[in-house]
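Have the viewer open as you read.

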Amino acid sequence: MKLVTAAFMPLIDASILAAAREVGFAESEGIDLVLVQETSWANIRDRMAIGHFDIAHMLAPMPIASNLGLTPFDTEIIVPMSLGLGGNAITVSDQVFAALTLAATGALDAGRALKGLIESRAEGGAEKFRFGVVHPHSAHNFELRYWLAGSGIDPDHEVEIVILPPPFMPDALEQGTIDGFCVGEPWNTVAQTRGVGKILTTKNDIWASSPEKVLGVDANWARKNGSTLAGLVRALSNASQWCSDAANRQTLSHILSRPDYLGIDAKILTAALKGPAVYEPYERAATFPWQSHAAWFYTQMVRWGQVDHLPAHADIARRTYRPDLYREALKGTGAAIPAASSKVEGALASSTVVGAGSSMLTLGPDGFFDGQVFDPDEVDAYVAGQKRQ
């Protein structure tokens, strides 16, 4: 058995890792997968850099940030697979939710309502709304900012955005330390169950079929352990299919409820797995590491001043995601694998079947709430057209 040590955060989208170990998919590939629960994304980033972990459950933009030199340590991290789509939401306190005038559900109406409330509070001299996100280099931060800006709200001046670990979000909301947060499940469902907050909009409303967490792998470890990495990708792919089967939901909830995983009541976890912030571990090529996803996250790093836009930087971001390793690992398994490594994001208004035969799969819808489209071959134009509000 090959020992592989992996870090994870207590979130629903760590399900694939948990299932790979507990249901035996990793063992069947000759891998002893040791999972270590961490307390913050910064800890995972730093401990990866000093060799404590071989792989990690990671925020989708975090490996890109590392490879661009935006983190404290010079560590090359690659992404041979995604860990699913969705599973994230924006939740606000009950008081904020009650003050909003919502014409309808959905990200666009929620954003317009929040803009009106922010303007009225500013006129009255009230403090800015404070939102929590889990890390500066997170899908949460970029999607929250994208939604705010697309709703006419300046994320840098009209609200305050602070960093908190995911499990702290409901407590901070209850104490009034923050007015809302953007976080992965089950912490939105926990806040609703405790009666301290309500989900205002979801990741899937802001950008449908979008990535959340990825498998981050130390590049040096990957180069030395290619066959083990391929086996791990196969194990996680099988685990993703198991997790997507509703018949396994109760079993998965009970696994995740253990203290060494999430330590939350299984009933709450089952509710979180059902939605409304739906986590997709398998369907819609959920584990495929699209380089267009990496490119979009890079454009948001540029937009919000984290990195200068240079051709070399865009190339580093794209090459962080490794669909070639994904294809090689799953070759001959019968898994449906996209033929392309990038796609135009936001172009599919409905579920669309692509490919043929054993390669046939369903993609989309993948639209952005504001109707924008991102073509990864037109990064310069996209960056030039972005505004901060």
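What is the volume of the largest cavity? It comes to about 60 Å³.

## Before you dig in

This is a predicted model: local features need pLDDT of at least 70, side-chain atom pairs count only at pLDDT 80 or more, and totals for chains, interfaces and linings use all residues. Residues are numbered from 1 along each chain as its sequence is written, and side-chain values use heavy atoms, with hydrogens and water left out.

## The cavity

The structure holds 1 cavity of 30 Å³ or more. A cavity here is a set of points, on a 1 Å grid over the protein atoms alone, where a 1.4 Å probe fits but cannot get out, and lining residues have an atom within 4 Å of a point. Grid points are joined across faces, edges and corners, and the volume is the space filled by probe spheres set on the points.

Who lines the largest cavity? The list runs Leu 85, Ser 209, Arg 284, Ala 285, Ala 286, Phe 288, Trp 290, His 293, Lys 343, Leu 363 and Gly 364. Sorted by class, that lining has 6 nonpolar, 3 polar and 2 charged residues. For the classes, Ala, Val, Leu, Ile, Met, Phe, Trp, Tyr, Cys and Pro count as nonpolar, Asp, Glu, Lys and Arg as charged, and the others, Gly among them, as polar.

Most residues other than glycine have a negative phi, and most peptide bonds are trans. Ser 209 has a positive phi of about 55° although it is not a glycine. You'll find Ser 209 in the loop between α10 (203–206) and β11 (213–218); helices (H or I, at least four residues) and strands (E, at least two) are DSSP runs, numbered from the N terminus. With 8% relative accessibility, Ser 209 counts as buried, where buried means under 20% relative accessible area, exposed over 50%, and partly exposed in between (1.4 Å probe, protein chains only).

Arg 284 also lines the cavity, and its phi is near 60°, a positive value in a residue other than glycine. Arg 284 sits in the loop between β12 and α15 (291–303) and is partly exposed, with a relative accessible area of 26%.

Helix α1 (residues 15–22) is mostly covered, with 6 of its 8 residues buried: Ser 15, Ile 16, Leu 17, Ala 18, Ala 19 and Ala 20. Just after α1, Gly 24 takes a positive phi of about 100°. Helix α1 packs against helix α12 (residues 226–244) at an angle of about 105°, with the axes 8 Å apart. Axes are lines fitted to C-alpha atoms, for helices over the stretch in contact, and angles run from 0 to 180 degrees between N-to-C directions. That leaves α1 and α12 roughly perpendicular to each other (65 to 115 degrees; under 35 is roughly parallel, over 145 roughly antiparallel and the rest oblique). On the α1 side, the contact (heavy atoms within 4.5 Å) uses Ser 15, Ile 16, Leu 17, Ala 19 and Ala 20, and on the α12 side Ala 235, Leu 236, Ala 239, Ser 240, Trp 242 and Cys 243. These divide into 9 nonpolar, 2 polar and no charged residues.

Helix α1 also packs with helix α13 (residues 249–256), at about 95° with axes 10 Å apart. Ser 15, Ala 18 and Glu 22 of α1 meet Leu 252, Ile 255 and Leu 256 of α13. Leu 252 counts as buried because its relative accessibility is 2%. Leaving aside neighbours within four places in sequence, Leu 252 is in contact with Ser 15, Trp 242, Cys 243 and Leu 273.

## Helix α12 meets α17

Helix α12 also crosses helix α17 (residues 323–330) at roughly 80°, their axes coming within 9 Å. That makes α12 roughly perpendicular to α17. Leu 229, Ala 230, Val 233, Arg 234 and Ser 237 of α12 touch Leu 325, Tyr 326, Ala 329 and Leu 330 of α17.

## Two cis prolines

Which way does the peptide bond from Glu 185 to Pro 186 go, cis or trans? It is cis, with omega near 20°, and Pro 186 lies in the loop between β9 (180–184) and α9 (187–193). A cis peptide bond also joins Gly 275 and Pro 276, with omega about 15°. Pro 276 is in the loop between α14 (266–274) and β12 (279–280).

Conventions
On a 1 Å grid over the protein atoms alone, a cavity is a set of points where a 1.4 Å probe fits but cannot get out, and a pocket is an open set with protein on both sides within 12 Å along at least five of seven lines; lining residues have an atom within 4 Å of a point.
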